[in-house]
Amino acid sequence: MSTNNSNSKPAGGARVSAPARPPQRPTSSSSSVSQSRPALVKPAPKAKVRRARLQVSRVDPWSVLKMAFLLSVALGIITVVAAIVLWTVLDLTGLFGQINTLMNDIQGSEGGAFDVKKFASLGQVASFATIIAVVNVVLLTALSMLSAVLYNISATLVGGIGVTLTDD
């Protein structure tokens, strides 16, 4: 049995160093080598701009109906929320009280007390805005579908709208 074991530490606690790195090439010779060899990656040739001329010859009325309905419902929700927010801001700024004071000054003591909130309360304003929003949803949806049908009829006669798409 030998006394040298491959798993044992070197004598005296000396460490074994990592293998040395290979020497780097001199900079002067590397520039001459790179000039003689072709580049690994060639730059891409400049592509020509592609163009496609298309014509919108038909619009699907069902897809127009669905899209117009969704957009008009969103517009209706915006209308109701905006009316409520506007009424709240006007109430918080005290505009209704100033209008009441002005109307009482104009009427004098002969007229009864005037109250704007009796004619335009928050509930009445929200109800009126909701009615307007529902009417707008119905009208915008119907008009959008009618427009799609009229476009399809006129596109069969004229050929549609020409569109040019580019690849820039």
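**View 1. A133 is found in helix α5.** Helices here are DSSP runs of H or I with at least four residues, strands are runs of E with at least two, and both are numbered from the N terminus. This is a predicted model, in which local features need pLDDT of at least 70, side-chain atom pairs count only at pLDDT 80 or more, and totals for chains, interfaces and linings use all residues. Residues are numbered from 1 along each chain as its sequence is written, and side-chain values use heavy atoms, with hydrogens and water left out. A133 counts as buried because its relative accessibility is 6%; buried means under 20% relative accessible area, exposed over 50%, and partly exposed in between, for a 1.4 Å probe and protein chains only. Leaving aside neighbours within four places in sequence, A133 is in contact with G76 and V80, where contact means heavy atoms within 4.5 Å. A133 and V80 are 53 residues apart in sequence, and their C-alpha atoms are 7.0 Å apart in space.

**View 2. Helix α2 packs with α5.** Helix α2 spans residues 61-92. The angle between the two helices is about 160° and their axes are 8 Å apart; axes are lines fitted to C-alpha atoms, for helices over the stretch in contact, and angles run from 0 to 180 degrees between N-to-C directions. α2 and α5 are therefore roughly antiparallel to each other (under 35 degrees counts as roughly parallel, over 145 as roughly antiparallel, 65 to 115 as roughly perpendicular, and the rest as oblique). By class, the contact of α2 with α5 has 21 nonpolar, eight polar and no charged residues. Ala, Val, Leu, Ile, Met, Phe, Trp, Tyr, Cys and Pro count as nonpolar, Asp, Glu, Lys and Arg as charged, and the others, Gly among them, as polar.

**View 3. N152 lies in helix α5, residues 122-158.** With a relative accessibility of 13%, N152 counts as buried. The N152 side chain reaches the backbone nitrogen of V59 at 2.7 Å. Not counting residues up to four places away in sequence, N152 touches R58, V59 and P61.

**View 4. The chain has five helices and two strands.** From the N terminus on, its elements run α-β-α-α-α-α-β. Of the 168 residues of the chain, 12% count as buried. Among contacts in the chain with a separation of 6 or more, 78% are accounted for by residues 24 or more positions apart.

Terms used: Polar contact = N/O pair within 3.5 Å; in protein donor to acceptor, adjacent residues only side chain to side chain.
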